[in-house]
Structure formats: C-alpha cells, structure tokens
Amino acid sequence: MSSRMQRYIESGIEHAAAWAIDSRFRSVLIFISVALLGACGPPSKVPALDLPIYFTCDTDGRLEPCGCFSGQYGGLSRLKTVLDQEASEGALRVDVGDAVAGHEDYDLIEYGYVQNAFAVMKYDALNIGQREAHLSATQLHHLKDTSPVPMLSGNLLDKTTGQPIFDSYRIVERGAYRVAIIGVIDPRGMEHDLGEGLVIGEMETAIERCLTELRGKADVVVLLAFTDEATLAQLADQFYECQVILGGKVTQPAQHMVMENRSVISYVTNESRALGILRLKLTKGTVPEVTSNEIRLMRETIPQDPSIGDMVQSYREKVRNTKLSVDDPNNLSADMVPGVRTVATYVGTEKCISCHQSAAAVWTTSVHAHAFAALSPSGADADPKCIGCHTIGFGEPSGYRRNSPRRSS
C-alpha cells in the first residue's frame, strides 16, 4: 500500500472519529437544551409599559404666583398639587430649562429652593436653558454639586477644560425599560450673554455623541432641547433615534403634538403657567405609541401646595437676612461715568406732592398709596423680586433701598 493511500485512510479514520465524537456532543447538547426548556418553559414576553411624561420649561423662579392681583396662573405650588393628585410613581418628570429667574445673587438663592421643589416633585432631570447659561462656570459647577436633581447639558462646556460641566445624559429605569434623557441648548443668540468661563458647542455634535454612547443601552430616548420650534423639527429629521423631543425656547406652548420623522415633538413655556403631559405606550423592539397629549394650564382654581409655600417663606427670610449686591450703593453706581452728574434723581413722595396736589389727592385714596405695606403680611417686604414693583427706583443709585434692621452682613 502506498504511503499516500495510507495517509488518506488514516485521515478518513480521524474524520470519522471526530464526527462520531461531535455527534455524541451534539446529542448531549440537544438533551440538555430540551431538559432546560422543559424545566423553564419558553422565554416570557416583556409586557408593554404605560409611561406618562410630565414636562415643564420657563419656570422663571416662580415658586408661587406673586398674588398681587386675582386670576393669576402658574407657580410650582400648583404644579405640585397636580402631580400629587394624578402622576403615577413611575411617571417621567423633566424640565427643559430656564428654571432660574436671572443671574443676581437673590436669583441664585431662590433657584436653590426651586431645585428643592423639583426634588420633592420627584423630577428626573433638569436641562440647562438660556438663563442658566448666563451664570458663570464657577456658579454652574457649584449648582451641579449641590442640586438634588440631576442637571443635564451635553454642549455647555467649561472654557478651561473644554469638557461638559454637566452630564450629557442619564438613564432611568421604568420596570423592564430603560429611558435615556439627553439635554442640549441652542448656541444661537448666546454669543454676548454667555456666562464667564463658558463656551457652547453644537447641539448636533453633542446629540450624535450621546446616541453613540447610548447604543444598545436604552429602549427609548427623550431629548430635552432648549431651542425653537423650527429647530426641534430639524433635530427630529436628523436624529430619528430620539423618539421624544421636548422644547424649549418658544413663544407659546404647543397647540398640538407634532410628528416629525419618527419623533414626537412637544413644548411648553410661559413662566410655569403650563404643564406638558405626554403619555406613551412602550413595547420592546417597537416605536413608542402616543396614547394622549395635553398642555395643562395651571389655573387659579388649582389649590397651592403648602409645602411649596413654606419654601417661599424660607427664601424670603433668607434674603431678608442676607446682604445683597443690590444693597450696596457702590454696586448700583458702578456703571455711571465718573465726573458726570446724573440729571434726574428720585426725590421722594413728599416733594412730588408739593407740586402735584390734585393728583396726590387721588393717589392717596387709592390702593397704590399702600403698595409697600401690602407686602408685609406675606413677608415679601424685603424680597427684591417683589419690592421692585412696590417701590420707586429700586436698583437705581437714588432709588429705594432695602432697610431692614435684621439684615446681617
């Protein structure tokens, strides 16, 4: 027998033996699989999930309506009542931005209470809006470290490090489903108003980066985009992976829900007077189904939650006993041109009355003559957000200045 034939026979024997071993191995695997299937049964199907999304924007620091006249809508005090009455434990609650009222020191004090209010209302995320981006990088880093609710922004960067100050997104779990929340802010119009130490990157770049990192990690993606109506639609065209897009930088709340590409678009605004409610049905492996959409107005008939009222009183007591920038005459005159005398100054009520006696007679019998006294019962007589409308010239060098004996340095 030739050596070639012998190698061929030996090779055939080896293949036959390998096939026999492999066949026995396959038989064992089949046996184990059948046994496991019989013990555990077929894999169970993940049930669908009803996911309500409650969203706000442009809170503007309004813990409660000011109460100076009847018929006022809005206030986180009413929002909490609504959420307590109807929002389920698993509802998603997010804010799209502009929750702070401004960049003064008293605005920051108030914003701390606003964040606490969002926390007790079980908010999942607070996006950065235009007014938050007016604050400095130092202030924003502090807010991130102290906020009881996660703050998001994928494209607001620290100028020194070039890195986002806040997390770009977060993932929350609702039952067997994972919901990703991404936050961005439109850089347009921010060139001259951006806070010290900040830069803003492109929204599209930040969203693309987030979606890449989230691939395979989320069942639904909710994009919080502080931008206008037209840009919301453009983002939907570009990023079909964002099944829900909530705005933003708009003139009025959405009149109806918009479907663009594979995204649901809605938005609210108007100084905490409107609440967006979007209800989804989530099913694994499919596009979320919208079951209802509503813009709810925070009407005066909605009772105000007393716990938010307690926060208002704590805020007012704190600003009463804090020396603020507006209390320092040097700060008020900092922008005045040296050596140039101010032509007009506030001289006070008595001097006005001496020349305008007939007008004064009408004024003294009106409620306007007691505007400042009206602040005392609510403790708002030292609140800069209130006394500006109840005094003359507050915030001007010759105008009214807070004068409380309890104020500390």
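What is the volume of the largest pocket?

Modeller: The volume of the largest pocket is about 900 Å³. This is a predicted model, so local features need pLDDT of at least 70 and side-chain atom pairs count only at pLDDT 80 or more, while totals for chains, interfaces and linings use all residues. Residues are numbered from 1 along each chain as its sequence is written, and side-chain values use heavy atoms, with hydrogens and water left out.

A pocket is an open set of points on a 1 Å grid over the protein atoms alone, with protein on both sides within 12 Å along at least five of seven lines; a cavity is a set where a 1.4 Å probe fits but cannot get out, and lining residues have an atom within 4 Å of a point. A volume is the space filled by probe spheres set on the points, which are joined across faces, edges and corners.

The largest pocket is lined by 35 residues, and those closest to its centre are His 368, Ala 371, His 390, Thr 391 and Ile 392. Four helices, H7 (306-320), H9 (349-355), H10 (357-364) and H11 (384-390), each supply at least two residues of this lining. By class, the lining of the largest pocket has 21 nonpolar, 12 polar and 2 charged residues; here Ala, Val, Leu, Ile, Met, Phe, Trp, Tyr, Cys and Pro are nonpolar, Asp, Glu, Lys and Arg are charged, and the others, Gly among them, are polar.

Of the 409 residues in the protein, 42% are buried; buried means under 20% relative accessible area, exposed over 50%, and partly exposed in between, with a 1.4 Å probe and protein chains only. Among contacts (heavy atoms within 4.5 Å) with a separation of 6 or more, 68% join residues 24 or more positions apart.

Most residues other than glycine have a negative phi. Ser 272 has a positive phi, near 70 degrees, and Ser 272 is buried, its relative accessible area being 8%. A salt bridge joins the side chains of Arg 273 and Glu 271, at 3.5 Å from N to O. Arg 273 is partly exposed at 26% relative accessible area, as is Glu 271 at 23%.

A salt bridge is a side-chain nitrogen of Lys or Arg within 4 Å of a carboxyl oxygen of Asp or Glu, and the count comes to 22. Asp 58, Asp 60, Asp 98 and Arg 131 are linked in a network of them. Arg 131 pairs with Asp 60, with the closest N and O atoms 3.4 Å apart. Arg 131 lies in the loop between strand E3 (125-127) and helix H4 (137-146), and Asp 60 in the loop between strand E1 (49-56) and helix H2 (76-86), so this pair ties together parts 71 residues apart in sequence. Both are buried: Arg 131 has a relative accessible area of 17% and Asp 60 one of 14%.

Asp 98 also forms a salt bridge with Arg 131, the closest N and O atoms being 3.5 Å apart. Asp 98 is in the loop between strand E2 (92-95) and helix H3 (105-120), so the link to Arg 131 in the E3-H4 loop ties together parts 33 residues apart in sequence. At 8% relative accessibility, Asp 98 counts as buried, and its phi is positive, near 60 degrees.

Last, Leu 211 lies in helix H5 (residues 203-214) and is buried at 9% relative accessibility. Beyond neighbours within four places in sequence, Leu 211 is in contact with Ile 182, Val 221, Phe 239, Glu 241 and Cys 242. The C-alpha atoms of Leu 211 and Glu 241 are separated by 7.6 Å, although the two are 30 residues apart along the chain.
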